[in-house]
Each structure stands twice: as C-alpha cells, then as structure tokens.
Amino acid sequence: MSALFRTHNMTTSAKATSKNARPFNGSWNLWQITLSILIVFAVTQTETRPKTGYHRISYIPNRTSPQIYDLHISIDLKLHLPTDDQIYIAADGESTRETTITETPDTLPLTVWGESIQETTTTETPGTSPLTVWGESIQETTTTETPDTSPSTNHMPPVTLSEVMSKMAKGTASRILSYMNHSSDACDDFYEYACGEFEDNQLTIENDLAEQAMQRIFTEAQKRRSDEQSFLDYYESCLNYEKTTNQSERLANVRRAVQEIGRFNYTDNIGKDDTQPKFIDTLRRLIERNSALLFDITPDLAVNEGNCDTEPETIQFTWKIGPLMSKTDPYTNKRAEECYKQQESVRNGPEVNLTEVYGTYKECKNYLGTFTTSIKDSVKKIFGTDYDRSEQIGVDVEKLIEPFLVPEMDEDEIRKAYATKNYILKGDDDLYVRLARKQSPFLDFTKLLPPRANVERKLWHGYLLKDLIRAVKNVTFRSHQIGDETWINDALLAIYAHDVYHEFVAPRHDVENYCKRLTTNLMKTHASSLYMSSFKSEELKVMDRTVTEMFEKLRKTLESNVLKQKWIEKKSKEAILKKIASLSIATPAHRTDYHNSNDNEIELTGDFFNDTMALRKMYRTFMYEMLDKRPSEEIWTYFAQPYDASTSSIYELEKIIIPFGAVDWRFLDRSYTTSTQHLGLATLGTLIANEIAHHFDFTGINYLNGWKGRRVAPVFCSNTDDDINYRSDYKNHYQNLRGKMDSIFLPSTSQNIHYSISDLSLNERFSDDAGLRLAYDTMLNLPAEAKIPLPWLSNSESNEIQQFFLAYAQMHCTKKPLTTSFRSLYEDENLPSRLRIAITAANNEALGEAWQCKTGTKVRPEEKTYNFPHLDGIDFGRETEALPPN
C-alpha cells in the first residue's frame, strides 16, 4: 500500500505495512491510519527539514511482542536524500543511509489516562525503539546514532513528543473523516452521516474483536508451546481428525458414544439389554455430557426478596431450570443458513418488511419435518437400520418434541425470560411432575443431577417453569395412554445420535477456525491464561487503571446528577445513591491462577473424539461445582472470560464486567492522550457507562444490596399506590419513546426498510440511552485541556462535542447491510447498528443541538425525550416542580 504526492518540486513516497491489520470495532483500517500519519509527517518534513539527513521515530506499544499486529502498531520512519533530489519515507527499516540525530524531549511528561510517564535521556543503538506509550513507566529518550560518512551529512532539528502526538491526532481525525458520508445530513440519518463511507468503502475492513482475541491466544500458545502443550495438542488433534480420519472410524466413534448413553429398544443389530435404562437415566447421562436436549439445569444466583431498607446479604449460587433456546449443533446452523438464503430476493426489493422476512425465515427454520428427516437419515447412517425402523424413530421424535413447541416457549419468549430474569421460585419438595396427586412422580428434576452435585438448595429458579411442566405432563399423558416409556428413551437417543453425527461425521468447512473455537471453548482457563500472558504486567496495570479510573469518573457524575433531580423523593433518592455506591467493576487484571483449573486435571490422550467427550464432562462437572463456591470469586471462570468481546453486568452482585477483549486498546493507549480524553469517554467510557445504566434498567432496578424487590423495585422504596404508578410511568416513558421509529431509508441501495422492535431490546435501548448521556455529562466535566478538539473536523465551538458523538457512532460502524440483520433484530438484545445509532441519536437532545438540528427532524423529533436520571420533565402524576433536562 503506498501513496505518491509532490510538494515543493520534490517527490515524496510513503509506504506503510501492517500484517493482519484490523480496524477498530468494525470501524477503522489500520494501514489507512498509519498511512495518513506518514503522509502528514512527510509534508511537515519537506517544508521544515533540511534536504539531507536521517531521522527515525519508533512508536511500539508492546516491545516484547511487536509481532502481535492485531493489537499493536509499529512505525519506523527514515528520511534520506538520494542524489536525484528526492525525499523518501520508508517503513520498517528499508532505507540504507543514516545520519546522526540528537533529539530533545518535551519538558512536560506524557500522561495516558492519568498515568504519569517519566522522560529520561539515554543512548540507544539505531535499532532500539525510543518511544513506547504503554506500561506504567514509559520513557522518551534522546537517541544518538552512528553518523553516515557521506560528506553531505547534516544534523536535523529534533522532533518533539508534542509533534508526534499531533501527528497521532491528525491520524485519528483523518480516520473519523474517512468514515463519514459528508453528503449526508446528520439531522436526518446520523448513522449514515457518521458511517456511510465506511460501509461503502471496500478498502476498509470490519474489525472482529473476538477474532482478534483468538488470534492473540494462539500466537501466544505458539510462543509458550512448552508450557501450553496440552492446549496445542488438542487443537492439532482436532485438525488431524478433520483432515485424516476416515468415515468408518468416525461412524464407529459416534455409535460407541450413543451406546454409552443407552440402547434403542427395537434396534436388533445393536442388541437388547434386559436392564434397559428408563428415560430419566438417559436424560441424566446426556446432561452429564453437556448435551441437554429438552431443558437444562445450570447454576444461577439466588437472592431473597426485600426492600430498600434491608441490610446487604451474601449472594450464593442456586439451581436454574429452563427450556432450551436455539440449538448450536452444525446441522441446525446449516438449516438456518439455508432458510436465510431463501429470503435473499425479498431482501433486495425496493420495499422490505423485516418483520415479515423474519417470520418466513423462522417458519422455515423451525419446520419439524425437516428436523426429523435429518434425524432419520443420521440414525440410518450410524446403525444401518432399515427404513421401517427409521420411520418409527421419526414418529417418536415428533411425539417428544411437539409438546415443547408451544407459543409460550417460543425462542423469543425464552430469550425475554432469561434477559429479564423472569423466574419463579420453587423448593426441593415441588420440583417433580405427576399426572395425579397420589401417583408417583413421572419426572423429578432433582434426580437429573449426578450424586456428587449439591442438590441441597432451599429454592430453585424456574424459567417458564409452568409451561415446561405442562409440556412434560403432555409427554407423561401419552406414555400413560400406551403404557410404555421406552419411546421417550428412543427419541432422546435419536436426537443425541443426530447431534453427534453432525459434529463428528458430517463434512465441515473452515476446519482451522472451527478447531480454534472448539479448543478455546472447551479449554477456557488455558485460553484465559494465554490471553493474559500475552500482555506485560506493566501493560495490564495501565489497562486495569484506565478502566477503573474511568468507572469512578462516571460513577461520580451519576451521583451528582441524581442529587439534582426533583422527580425522585427523598427515600428513593437515598436508595438510588446507595445502589450507585455499591456498584463495583471487575477487570481480569488481578487474577493470576488461571492455570489452577479443572481442565488441567484431565490428561489428554491425543484421541480427539475421546478427549472431546472428556472435556465436555469436565465442563459440566466444573459447572456443578459452582454451587459450593462464592460467586464474587468466580467472575472470570463462570460469568466471563478475559478475552470476551463484550461487556456485561451481574444484577445480583451489582457488578460490572469489563473483559479486556471487549476494548480496542490500540487507540486508547496511543491516540487518546490527556488532550483527547473526550474521545476515550466516547468509546471505552460509553462501554462502561452502558453497564452502569443496566443496573437501573427495568431489570436492574429490582435489585439492591443483594435483595430483589418484593412488590415494587427497591429504588422506589415504598409500596404506596403513587410509587406503584410511579414505576409504571417510568417504564412506559422508555417503552413508548425509545423505539418509535418503524421505517428507515437506505441511501446506498435506495430501499425503504420497515420493521418493528421487540421488547427483548428494551433494557439495551435503555442502557444505550442513559449510558451515552452519562458519558456525555462526564465529558463536559473534563477540564478544557483534556478535550482539545482534533484538527480538520470543525471550527465551531461545539467541536469536541461533535467529535464525541462521531467517535461513539463510529464504534458501531458495520459493513453488514441492515436487510441482512433481520435475525439479530429479533433474536439479539442489541439492535442492528444502524437502528441502534438512529434511536440513540433521536433520544439525545445534546446530539441534535451539536449539529443545530431543527425540531421535527429525525435526530431531534418533536416529542421530547429524557435520559435517566434527567427525568424531571416527565409528568409522573406528582406535584413536583418540573425542570427541563440538563
């Protein structure tokens, strides 16, 4: 990649290289940033420097791992003057002529998010990197290099630290500008204005933080092969299995795995066992192997009911029973993709209704006939049964699954129940299913767990439990009618056989990526250890401190905002402030014992199939052991991993989880210096602020001090009718105003897109709305020197405010067209990027003001919106003085 331009009758070429460069969060292309910095540098040098001489600037965030190109960038520049009177800028040490240079550092220390970085003077060899902006102690040095013996050698004036950072600021500004569609109206479509050029430019690459973290893990594994041999051995055994194992051996493996669970009652060629296990034994064995087929039982966090005056209580684990969402086996994914492709022609039309497209897709994907046909084919291939027997398998499977395919347990309803923690409490004595009161239980949920699991729990959480029990009763009734339970066992075995077949026998595309993901998922603590060890300890300290300090700034701003609000009565205000004070943030920096984990106790044999089954059993065993542990100590084992690409919150613990893999550190450590902290708050700041806001969304407000509100949310403290209505108005305001848009125009394709928004995204819309406002308020409180506007973007007084909102929106830039996002629109808690930004922009008055949008435009609609906690403008039916939002 190169660029050529001419200035002052001298030709200057700029060349930048970056292996495996990836942009920021679906946002920017690394080589474009590097190139823009090089070009700016070249222009200034040709105008201010002598025509002879040599100078090198090195900027390497990680000296020990410069090969980690997906996280770090290295720029190595040399200027020299050949005899043809041309100045060349070369990257990566391509120049051969060097001259002596003496640099004088700036007198002010460099600060990276509050880290004071001391400067010292040292003498280094030409190959040493003189400037590193990472770690706790970052030094700027003066470099003395061996002079060239050429008679025309001259000393060049020094390049100061402030000049380097100025180049970085221009690089950041050029990136922001390169993403924008400058012909679009910010007041009409803010996402198109901020991201339109990124979406259309084929040269920019969408970043994938999850992929970035995975590559980092496997690069570190190769470096530490002697310490992480088992991790790499399993990965390589996966590759070998996929590439070399023949069909007959694969079928034998699957046949053996099924027979370990149970035997088909009517399949003669695999034998008949007089001690045929009952279906409850089959269910238990499947769950032990981490193969839940109808419902699952996993650890959950238990809280008692209380109110805002209740003293804090220690949180413990309990059991959670709930139905399954979409299966993740390869066949289901393949079937979903086929149904997805069938909608392609509809999605390309001038008018697209995403609700209708999704409905057709979902009907295709959930068609039971396709599923049972695939099961019959799989069983025939595994066991060689004749057609009549396989037909009976299909009948048994349909009889078992149909009772669970009811609207009350539709995937949408299951997702909502889990997202909002909508469960009922059950005791050990009523966790069973029977047809009549005096009959023995047909199914006892507590007996599905292995004897070693701790089932002595006072309360269990049941998600959609009434509907789940109703489905089991329907199965029970069918068994009672025919006086036989073996058909349930046969159906379960057939479904399991189908899943294992498609995982270990069916052909697979992109084997390398599959094996990496499987190894990471089944050996999580190994992967966590590798990910964390890829950073130096100094780097981890700065990353941890950056997140923690920003969290404290945001929390103080929220406290200040709550104190100013008149819509909150005194008692409720005290509860809200108590909740804010109890919030804490978790980063993975302080954990050091990732290696001391259960998956280290398994001695892998090198047999991929058997090792995979053993790792799955271990995974479920580890899950069961959570019941005897303290939840606060298992953040980075059970709830999250350091390399996760998304942040999260734990309502019960009032905890905010920030994995390092969810943050693109390349731009925080380099571009967001003390003079551009407003951009840091727009990116990392909004990630943290969104999670803070989640603790006040329509699920979060129910939790306080380890208790869950009895009749009303604890932050509304009393049980008066006024407070009950108060909470209802509070929710209705957001429900009615935050997702009103139902159509949008796509300029790039000239399509009108119609859609509806599911309640599944309500909490995320709330947190986007309140989190952006919280980060914005915190940004306004920064000192003037901490939010100096970037060059080139604007000369208006609101320059840094515009940059704040642009940087926020560009975090969500994507190349995925909205018409292909109909699944995520209804199946994910977060909306597709274009709708997410459009709705958030319309709900933030400050954004409309920054671009002086007129009332009535899409970004500044006529109907007033308010951001939590700035709700004084809402009529809650109380006699309080209404104040406009701050």
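**Close-up 1. A disulfide (a pair of cysteine sulfur atoms within 2.5 Å) joins Cys238 to Cys515, with an S to S distance of 2.1 Å.** The model is predicted, so local features need pLDDT of at least 70 and side-chain atom pairs count only at pLDDT 80 or more, whereas totals for chains, interfaces and linings use all residues. Residues are numbered from 1 along each chain as its sequence is written, and side-chain values use heavy atoms, with hydrogens and water left out. The link of Cys238 and Cys515 is left-handed, with -75° about the S-S bond. Because Cys238 lies in helix α5 (residues 229–244) and Cys515 in helix α16 (residues 511–522), the pair ties together parts that are 277 residues apart in sequence. Helices are DSSP runs (H or I, at least four residues), numbered from the N terminus. Both Cys238 and Cys515 are buried, that is, under 20% relative accessible area (1.4 Å probe, protein chains only).

**Close-up 2. Cys187 and Cys853 are joined by a disulfide, S to S 2.0 Å.** Cys187 lies in the loop between α2 (161–179) and α3 (190–200) and Cys853 in the segment after α29 (845–850), so this pair ties together parts that are 666 residues apart in sequence. The link of Cys187 and Cys853 is left-handed, at -85° about the S-S bond. Cys187 and Cys853 are buried.

**Close-up 3. The sulfur atoms of Cys339 and Cys364 are 2.0 Å apart and form a disulfide.** Cys339 belongs to helix α8 (residues 330–342) and Cys364 to helix α10 (residues 354–365), so the pair ties together parts that are 25 residues apart in sequence. Cys339 counts as buried at 2% relative accessibility, whereas Cys364, at 21%, counts as partly exposed, the class between under 20% and over 50%.

Technical notes. Helix = DSSP H or I, 4+ residues; strand = E, 2+ residues; numbered from the N terminus.
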